[in-house]
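Biologist: Please take a close look at one part for me: the open space in this protein. What lines it, and where does it sit?

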Amino acid sequence: MAALRARKTNNEADQPSSPVLRFGADKPLKLDAGTLLSPFQIAYQTYGTLNDARSNAILVCHALTGDQHVANTNPVTGKPGWWEVLIGPGRIIDTNRFFVICSNVIGGCLGSTGPASINPATGKPYGLDLPVITIRDMVRAQLMLIDHFGIEKLFCVLGGSMGGMQVLQWASSYPERVFSALPIATGARHSSQNIAFHEVGRQAVMADPDWHGGKYFELGKRPEKGLAVARMAAHITYLSEAALHRKFGRNLQDREALTFGFDADFQIESYLRHQGMTFVDRFDANSYLYMTRSMDYFDLAADHGGRLADAFAGTRTRFCLVSFTSDWLFPTEESRSVVHALNAAGASVSFVEIETDRGHDAFLLDEPELFAAINGFIASAARARGLSA
(Lines give C-alpha, C1' and ligand atoms only; values in the text may rest on other atoms or scores of the structure.)
Protein backbone atom coordinates (compact mmCIF):
# COMPACT_ATOMS: atom_id res chain seq x y z
CA MET A 1 0.00 0.00 0.00
CA ALA A 2 2.84 2.41 0.87
CA ALA A 3 4.53 1.76 -2.48
CA LEU A 4 1.25 2.40 -4.28
CA ARG A 5 0.80 5.76 -2.51
CA ALA A 6 4.40 6.66 -3.38
CA ARG A 7 3.72 6.00 -7.08
CA LYS A 8 0.53 8.06 -6.87
CA THR A 9 2.49 10.95 -5.33
CA ASN A 10 5.05 10.79 -8.13
CA ASN A 11 2.31 10.76 -10.77
CA GLU A 12 0.50 13.68 -9.16
CA ALA A 13 3.60 15.87 -9.54
CA ASP A 14 3.08 16.33 -13.29
CA GLN A 15 -0.34 14.85 -14.05
CA PRO A 16 -2.50 15.79 -11.05
CA SER A 17 -6.00 14.51 -10.44
CA SER A 18 -7.16 18.10 -10.03
CA PRO A 19 -7.50 20.79 -12.72
CA VAL A 20 -4.20 22.30 -13.81
CA LEU A 21 -3.38 25.63 -15.45
CA ARG A 22 -0.27 25.64 -17.63
CA PHE A 23 1.76 28.71 -18.57
CA GLY A 24 4.11 28.66 -21.55
CA ALA A 25 7.22 30.63 -22.41
CA ASP A 26 5.12 33.74 -23.09
CA LYS A 27 4.01 33.90 -19.43
CA PRO A 28 7.00 33.10 -17.20
CA LEU A 29 6.88 33.37 -13.41
CA LYS A 30 9.37 35.92 -12.11
CA LEU A 31 11.06 34.57 -9.00
CA ASP A 32 12.69 36.41 -6.11
CA ALA A 33 15.80 34.32 -6.79
CA GLY A 34 16.29 36.50 -9.89
CA THR A 35 15.31 33.94 -12.51
CA LEU A 36 12.25 33.13 -14.59
CA LEU A 37 10.37 29.86 -14.23
CA SER A 38 9.00 28.80 -17.58
CA PRO A 39 7.06 26.79 -18.49
CA PHE A 40 5.26 26.13 -15.23
CA GLN A 41 1.88 24.92 -14.03
CA ILE A 42 -0.51 25.39 -11.12
CA ALA A 43 -2.77 22.60 -9.87
CA TYR A 44 -5.93 23.70 -8.11
CA GLN A 45 -9.40 22.80 -6.91
CA THR A 46 -12.56 24.90 -6.90
CA TYR A 47 -15.82 24.51 -5.02
CA GLY A 48 -19.09 26.34 -5.54
CA THR A 49 -19.97 28.76 -8.33
CA LEU A 50 -18.46 32.13 -9.22
CA ASN A 51 -21.28 34.68 -9.32
CA ASP A 52 -21.92 36.97 -12.29
CA ALA A 53 -20.18 39.90 -10.59
CA ARG A 54 -17.19 37.68 -9.76
CA SER A 55 -17.34 39.08 -6.24
CA ASN A 56 -17.81 35.93 -4.13
CA ALA A 57 -14.40 34.27 -4.58
CA ILE A 58 -12.43 33.04 -1.57
CA LEU A 59 -8.82 31.93 -1.92
CA VAL A 60 -7.67 29.34 0.63
CA CYS A 61 -3.90 29.11 1.11
CA HIS A 62 -2.51 25.84 2.40
CA ALA A 63 0.14 25.19 5.04
CA LEU A 64 3.59 23.62 4.73
CA THR A 65 2.54 20.04 3.99
CA GLY A 66 -0.95 20.82 2.70
CA ASP A 67 -2.26 20.79 -0.84
CA GLN A 68 -5.14 21.91 -3.04
CA HIS A 69 -7.48 19.17 -1.78
CA VAL A 70 -8.99 21.33 0.93
CA ALA A 71 -12.58 20.04 0.70
CA ASN A 72 -12.47 16.87 -1.37
CA THR A 73 -11.02 13.38 -1.01
CA ASN A 74 -7.23 13.38 -1.38
CA PRO A 75 -6.28 11.25 -4.41
CA VAL A 76 -3.10 9.95 -2.74
CA THR A 77 -4.27 9.18 0.79
CA GLY A 78 -7.98 8.64 0.17
CA LYS A 79 -8.68 10.82 3.24
CA PRO A 80 -11.15 13.74 3.42
CA GLY A 81 -9.96 17.24 2.54
CA TRP A 82 -7.81 18.87 5.19
CA TRP A 83 -10.33 21.64 5.98
CA GLU A 84 -13.66 19.92 5.33
CA VAL A 85 -14.69 20.84 8.89
CA LEU A 86 -14.77 24.44 7.70
CA ILE A 87 -15.46 24.40 3.95
CA GLY A 88 -18.38 22.83 2.08
CA PRO A 89 -22.10 23.12 1.46
CA GLY A 90 -23.77 24.66 4.51
CA ARG A 91 -20.50 24.98 6.43
CA ILE A 92 -18.86 28.17 7.73
CA ILE A 93 -17.28 28.73 4.33
CA ASP A 94 -20.46 27.82 2.49
CA THR A 95 -19.78 26.62 -1.04
CA ASN A 96 -23.45 27.14 -1.84
CA ARG A 97 -22.70 30.82 -1.40
CA PHE A 98 -19.00 31.31 -2.14
CA PHE A 99 -16.64 30.24 -4.92
CA VAL A 100 -13.66 28.69 -3.13
CA ILE A 101 -10.27 28.26 -4.80
CA CYS A 102 -7.29 26.39 -3.39
CA SER A 103 -4.08 25.81 -5.33
CA ASN A 104 -1.05 23.68 -4.69
CA VAL A 105 1.78 26.16 -4.13
CA ILE A 106 4.70 26.47 -6.51
CA GLY A 107 7.42 24.22 -5.10
CA GLY A 108 4.82 21.69 -3.92
CA CYS A 109 4.48 18.10 -5.06
CA LEU A 110 0.84 17.59 -6.00
CA GLY A 111 0.66 19.15 -9.43
CA SER A 112 2.12 22.65 -9.30
CA THR A 113 5.67 22.95 -10.60
CA GLY A 114 8.08 21.76 -7.93
CA PRO A 115 11.27 19.75 -7.54
CA ALA A 116 9.46 16.49 -8.39
CA SER A 117 8.17 17.96 -11.67
CA ILE A 118 9.86 17.16 -14.96
CA ASN A 119 12.35 19.80 -16.07
CA PRO A 120 11.61 20.27 -19.80
CA ALA A 121 15.26 21.16 -20.41
CA THR A 122 16.50 17.75 -19.21
CA GLY A 123 13.49 15.43 -19.27
CA LYS A 124 14.27 14.55 -15.64
CA PRO A 125 12.81 15.77 -12.35
CA TYR A 126 14.07 19.21 -11.37
CA GLY A 127 15.42 18.11 -8.02
CA LEU A 128 17.57 20.91 -6.64
CA ASP A 129 17.87 22.50 -10.08
CA LEU A 130 14.58 24.25 -9.34
CA PRO A 131 15.31 27.78 -8.07
CA VAL A 132 14.50 28.42 -4.41
CA ILE A 133 10.86 29.49 -4.06
CA THR A 134 9.62 32.22 -1.71
CA ILE A 135 6.20 33.00 -0.24
CA ARG A 136 6.02 35.99 -2.60
CA ASP A 137 6.68 33.67 -5.57
CA MET A 138 3.79 31.46 -4.47
CA VAL A 139 1.49 34.48 -4.31
CA ARG A 140 2.62 35.73 -7.73
CA ALA A 141 1.65 32.37 -9.20
CA GLN A 142 -1.70 32.44 -7.39
CA LEU A 143 -2.34 35.90 -8.83
CA MET A 144 -1.92 34.47 -12.33
CA LEU A 145 -4.49 31.80 -11.46
CA ILE A 146 -6.92 34.40 -10.11
CA ASP A 147 -6.45 36.47 -13.28
CA HIS A 148 -7.28 33.36 -15.30
CA PHE A 149 -10.71 33.31 -13.63
CA GLY A 150 -11.20 37.00 -14.41
CA ILE A 151 -11.51 37.89 -10.72
CA GLU A 152 -10.55 41.50 -10.06
CA LYS A 153 -10.91 41.38 -6.28
CA LEU A 154 -11.02 38.36 -4.00
CA PHE A 155 -13.73 38.54 -1.37
CA CYS A 156 -11.42 36.87 1.14
CA VAL A 157 -8.00 35.25 1.38
CA LEU A 158 -7.49 32.95 4.35
CA GLY A 159 -5.08 30.33 5.61
CA GLY A 160 -3.11 29.12 8.59
CA SER A 161 0.63 28.82 9.30
CA MET A 162 2.45 29.00 5.95
CA GLY A 163 -0.98 29.67 4.47
CA GLY A 164 -1.26 32.66 6.79
CA MET A 165 2.06 33.94 5.49
CA GLN A 166 0.61 33.84 1.99
CA VAL A 167 -2.44 35.75 3.21
CA LEU A 168 -0.22 38.51 4.63
CA GLN A 169 1.83 38.60 1.43
CA TRP A 170 -1.34 38.92 -0.65
CA ALA A 171 -2.57 41.80 1.52
CA SER A 172 0.81 43.52 1.27
CA SER A 173 1.60 42.96 -2.40
CA TYR A 174 -1.90 43.26 -3.88
CA PRO A 175 -4.10 45.16 -1.40
CA GLU A 176 -6.39 46.35 -4.19
CA ARG A 177 -7.14 42.69 -5.03
CA VAL A 178 -8.13 41.61 -1.50
CA PHE A 179 -11.36 42.74 0.17
CA SER A 180 -10.77 40.81 3.40
CA ALA A 181 -7.91 38.78 4.86
CA LEU A 182 -7.91 36.11 7.55
CA PRO A 183 -4.39 35.04 8.63
CA ILE A 184 -4.49 32.30 11.29
CA ALA A 185 -1.70 31.01 13.57
CA THR A 186 1.02 32.80 11.66
CA GLY A 187 3.47 35.69 11.74
CA ALA A 188 5.10 38.34 9.59
CA ARG A 189 8.42 36.52 9.71
CA HIS A 190 9.93 33.24 10.78
CA SER A 191 11.67 33.27 14.15
CA SER A 192 15.20 31.97 14.65
CA GLN A 193 13.75 29.07 16.65
CA ASN A 194 11.48 28.08 13.76
CA ILE A 195 14.37 28.33 11.30
CA ALA A 196 16.38 26.09 13.63
CA PHE A 197 13.70 23.40 13.68
CA HIS A 198 13.46 23.53 9.90
CA GLU A 199 17.21 23.18 9.56
CA VAL A 200 17.14 20.05 11.71
CA GLY A 201 14.51 18.61 9.38
CA ARG A 202 16.43 19.51 6.23
CA GLN A 203 19.63 18.02 7.58
CA ALA A 204 17.77 14.80 8.43
CA VAL A 205 16.60 14.55 4.81
CA MET A 206 19.99 15.38 3.31
CA ALA A 207 21.80 12.97 5.64
CA ASP A 208 19.73 10.05 4.35
CA PRO A 209 21.98 7.94 2.03
CA ASP A 210 19.04 7.61 -0.36
CA TRP A 211 18.80 11.39 -0.90
CA HIS A 212 21.70 11.40 -3.41
CA GLY A 213 22.05 15.17 -3.59
CA GLY A 214 18.35 15.49 -4.43
CA LYS A 215 18.57 13.19 -7.48
CA TYR A 216 16.93 10.17 -5.85
CA PHE A 217 14.15 9.94 -8.46
CA GLU A 218 16.69 9.26 -11.19
CA LEU A 219 18.07 6.36 -9.16
CA GLY A 220 14.73 4.93 -8.14
CA LYS A 221 15.36 5.81 -4.50
CA ARG A 222 13.46 7.77 -1.84
CA PRO A 223 15.00 9.24 1.35
CA GLU A 224 12.15 7.90 3.46
CA LYS A 225 14.02 7.57 6.76
CA GLY A 226 15.35 11.11 6.68
CA LEU A 227 12.00 12.60 5.70
CA ALA A 228 10.23 10.59 8.40
CA VAL A 229 12.60 11.95 11.06
CA ALA A 230 12.06 15.49 9.73
CA ARG A 231 8.31 15.03 10.01
CA MET A 232 8.58 13.61 13.52
CA ALA A 233 10.60 16.61 14.71
CA ALA A 234 8.26 19.09 13.03
CA HIS A 235 5.13 17.40 14.33
CA ILE A 236 6.23 17.99 17.92
CA THR A 237 6.18 21.74 17.21
CA TYR A 238 2.58 21.53 15.98
CA LEU A 239 1.36 20.26 19.34
CA SER A 240 1.64 21.52 22.91
CA GLU A 241 3.06 19.92 26.03
CA ALA A 242 -0.41 19.91 27.59
CA ALA A 243 -1.92 18.18 24.55
CA LEU A 244 0.86 15.60 24.45
CA HIS A 245 0.41 14.87 28.14
CA ARG A 246 -3.37 14.64 27.80
CA LYS A 247 -3.19 12.28 24.84
CA PHE A 248 -0.20 10.15 25.77
CA GLY A 249 1.35 10.96 29.13
CA ARG A 250 3.93 8.27 29.83
CA ASN A 251 1.61 5.47 28.76
CA LEU A 252 3.26 2.38 27.35
CA GLN A 253 2.49 1.11 23.84
CA ASP A 254 0.93 -2.38 23.74
CA ARG A 255 2.98 -3.65 26.67
CA GLU A 256 2.82 -3.81 30.44
CA ALA A 257 6.48 -3.15 31.25
CA LEU A 258 9.54 -1.43 29.84
CA THR A 259 11.56 -3.55 27.39
CA PHE A 260 14.90 -1.99 28.32
CA GLY A 261 15.62 -1.55 24.61
CA PHE A 262 15.04 0.99 21.87
CA ASP A 263 11.73 -0.15 20.48
CA ALA A 264 8.75 2.20 20.87
CA ASP A 265 8.00 1.56 24.54
CA PHE A 266 5.90 4.72 24.90
CA GLN A 267 2.72 5.64 23.04
CA ILE A 268 4.18 9.00 22.05
CA GLU A 269 7.10 7.24 20.36
CA SER A 270 4.76 4.99 18.41
CA TYR A 271 2.61 7.96 17.45
CA LEU A 272 5.54 9.96 16.08
CA ARG A 273 6.87 6.97 14.15
CA HIS A 274 3.44 6.52 12.59
CA GLN A 275 3.33 10.21 11.65
CA GLY A 276 6.71 9.91 9.98
CA MET A 277 5.88 6.74 8.06
CA THR A 278 2.54 7.97 6.71
CA PHE A 279 4.03 11.33 5.71
CA VAL A 280 6.66 9.86 3.38
CA ASP A 281 3.89 8.12 1.44
CA ARG A 282 2.30 11.41 0.40
CA PHE A 283 5.05 14.05 0.28
CA ASP A 284 8.23 14.60 -1.69
CA ALA A 285 11.45 15.06 0.30
CA ASN A 286 12.82 17.82 -1.93
CA SER A 287 9.53 19.70 -1.70
CA TYR A 288 9.94 19.58 2.06
CA LEU A 289 13.29 21.33 1.68
CA TYR A 290 11.79 23.99 -0.59
CA MET A 291 8.69 24.61 1.52
CA THR A 292 10.59 24.99 4.78
CA ARG A 293 13.06 27.34 3.08
CA SER A 294 10.26 29.52 1.77
CA MET A 295 8.98 30.00 5.31
CA ASP A 296 12.47 30.75 6.62
CA TYR A 297 12.96 33.50 4.04
CA PHE A 298 9.63 35.18 4.79
CA ASP A 299 10.08 38.57 6.48
CA LEU A 300 7.56 41.26 5.52
CA ALA A 301 9.20 44.00 7.59
CA ALA A 302 12.61 43.39 6.00
CA ASP A 303 10.98 43.85 2.60
CA HIS A 304 9.87 47.34 3.71
CA GLY A 305 12.93 48.86 5.31
CA GLY A 306 12.38 47.08 8.62
CA ARG A 307 9.02 48.76 9.31
CA LEU A 308 6.16 46.28 9.24
CA ALA A 309 3.47 48.97 9.11
CA ASP A 310 4.84 50.09 5.74
CA ALA A 311 3.97 46.68 4.33
CA PHE A 312 0.30 47.64 4.71
CA ALA A 313 0.47 51.37 4.04
CA GLY A 314 -2.81 52.71 2.66
CA THR A 315 -4.54 49.34 2.72
CA ARG A 316 -8.34 49.20 2.64
CA THR A 317 -8.45 45.46 3.22
CA ARG A 318 -10.42 44.27 6.24
CA PHE A 319 -8.35 42.00 8.53
CA CYS A 320 -9.05 39.44 11.21
CA LEU A 321 -6.09 37.72 12.87
CA VAL A 322 -6.43 34.59 14.99
CA SER A 323 -3.93 33.02 17.39
CA PHE A 324 -3.99 30.19 19.93
CA THR A 325 -2.77 30.39 23.52
CA SER A 326 -0.82 27.11 23.34
CA ASP A 327 0.79 27.73 19.93
CA TRP A 328 4.52 28.04 20.61
CA LEU A 329 5.43 27.78 16.92
CA PHE A 330 3.61 31.06 16.19
CA PRO A 331 2.80 32.47 19.62
CA THR A 332 0.21 35.18 20.13
CA GLU A 333 2.95 37.83 20.24
CA GLU A 334 3.56 37.23 16.54
CA SER A 335 -0.07 38.01 15.70
CA ARG A 336 -0.12 41.01 18.01
CA SER A 337 2.88 42.53 16.22
CA VAL A 338 0.98 42.28 12.92
CA VAL A 339 -2.12 43.80 14.55
CA HIS A 340 -0.05 46.71 15.88
CA ALA A 341 1.45 47.27 12.44
CA LEU A 342 -2.00 47.25 10.85
CA ASN A 343 -3.23 49.73 13.46
CA ALA A 344 -0.28 51.97 12.67
CA ALA A 345 -1.19 51.74 8.99
CA GLY A 346 -4.78 52.74 9.75
CA ALA A 347 -6.22 49.42 8.67
CA SER A 348 -9.53 47.88 9.71
CA VAL A 349 -8.43 44.99 11.92
CA SER A 350 -9.85 42.68 14.56
CA PHE A 351 -7.97 40.11 16.61
CA VAL A 352 -9.01 36.93 18.40
CA GLU A 353 -6.85 34.88 20.75
CA ILE A 354 -8.40 31.47 21.34
CA GLU A 355 -7.70 29.56 24.53
CA THR A 356 -6.93 25.94 23.74
CA ASP A 357 -4.30 23.33 24.64
CA ARG A 358 -4.21 21.92 21.11
CA GLY A 359 -1.19 23.93 19.99
CA HIS A 360 -0.43 25.16 16.49
CA ASP A 361 -2.52 22.46 14.79
CA ALA A 362 -5.70 23.84 16.40
CA PHE A 363 -6.49 25.72 13.19
CA LEU A 364 -7.02 22.38 11.42
CA LEU A 365 -9.25 20.90 14.10
CA ASP A 366 -12.88 21.19 15.17
CA GLU A 367 -12.42 24.30 17.32
CA PRO A 368 -15.78 26.01 18.02
CA GLU A 369 -14.29 29.38 18.99
CA LEU A 370 -12.27 29.47 15.78
CA PHE A 371 -15.36 28.68 13.73
CA ALA A 372 -17.33 31.36 15.53
CA ALA A 373 -14.62 33.94 14.86
CA ILE A 374 -14.37 33.03 11.18
CA ASN A 375 -18.15 32.95 10.80
CA GLY A 376 -18.55 36.38 12.37
CA PHE A 377 -15.81 37.94 10.28
CA ILE A 378 -17.02 36.40 7.00
CA ALA A 379 -20.62 37.46 7.71
CA SER A 380 -19.58 41.04 8.49
CA ALA A 381 -17.33 41.25 5.43
CA ALA A 382 -20.07 39.78 3.22
CA ARG A 383 -22.51 42.46 4.35
CA ALA A 384 -19.93 45.16 3.64
CA ARG A 385 -19.24 43.61 0.24
CA GLY A 386 -22.94 43.45 -0.60
CA LEU A 387 -23.08 39.69 -0.81
CA SER A 388 -26.55 38.44 0.05
CA ALA A 389 -26.91 35.69 2.64
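**Pockets and their linings**

Modeller: Six nonpolar, four polar and two charged residues line the second largest pocket. Here Ala, Val, Leu, Ile, Met, Phe, Trp, Tyr, Cys and Pro count as nonpolar, Asp, Glu, Lys and Arg as charged, and the others, Gly among them, as polar. The model is predicted: local features need pLDDT of at least 70, side-chain atom pairs need 80 or more, and totals for chains, interfaces and linings use all residues. Residues are numbered from 1 along each chain as its sequence is written, and side-chain values use heavy atoms, without hydrogens or water.

The second largest pocket holds about 180 Å³ of space. A pocket is an open set of points on a 1 Å grid over the protein atoms alone, where a 1.4 Å probe fits, with protein on both sides within 12 Å along at least five of seven lines; lining residues have an atom within 4 Å of a point. Volume is the space filled by probe spheres set on the points, which are joined across faces, edges and corners.

The lining of this second largest pocket is D14, Q15, R22, F23, P39, F40, Q41, T113, S117, I118, P120 and Y126. Strand 1 (20–23) and strand 4 (40–47) each give two or more of its residues. Strands (E, at least two residues) and helices (H or I, at least four) are DSSP runs, numbered from the N terminus.

Now the largest pocket. Its volume is about 1200 Å³. The lining has 46 residues, and R231, Q275, R282, D361 and L364 lie nearest the centre. By class, 18 are nonpolar, 17 polar and 11 charged. Several helices supply at least two lining residues each, including helix 4 (192–207), helix 5 (224–238) and helix 7 (267–280).

Where does the largest pocket lie? It lies between domain 1 (2–191 + 299–385) and domain 2 (195–292), because both give residues to its lining. The bounds come from an automatic or database domain assignment.

Together the domains bury about 2900 Å², with 61% of it on carbon and sulfur atoms. L64, T65 and W328 supply 22% of the area that domain 1 buries against domain 2, more than any other three residues. Buried area is the accessible area (1.4 Å probe) that two parts lose on being put together, summed over both.
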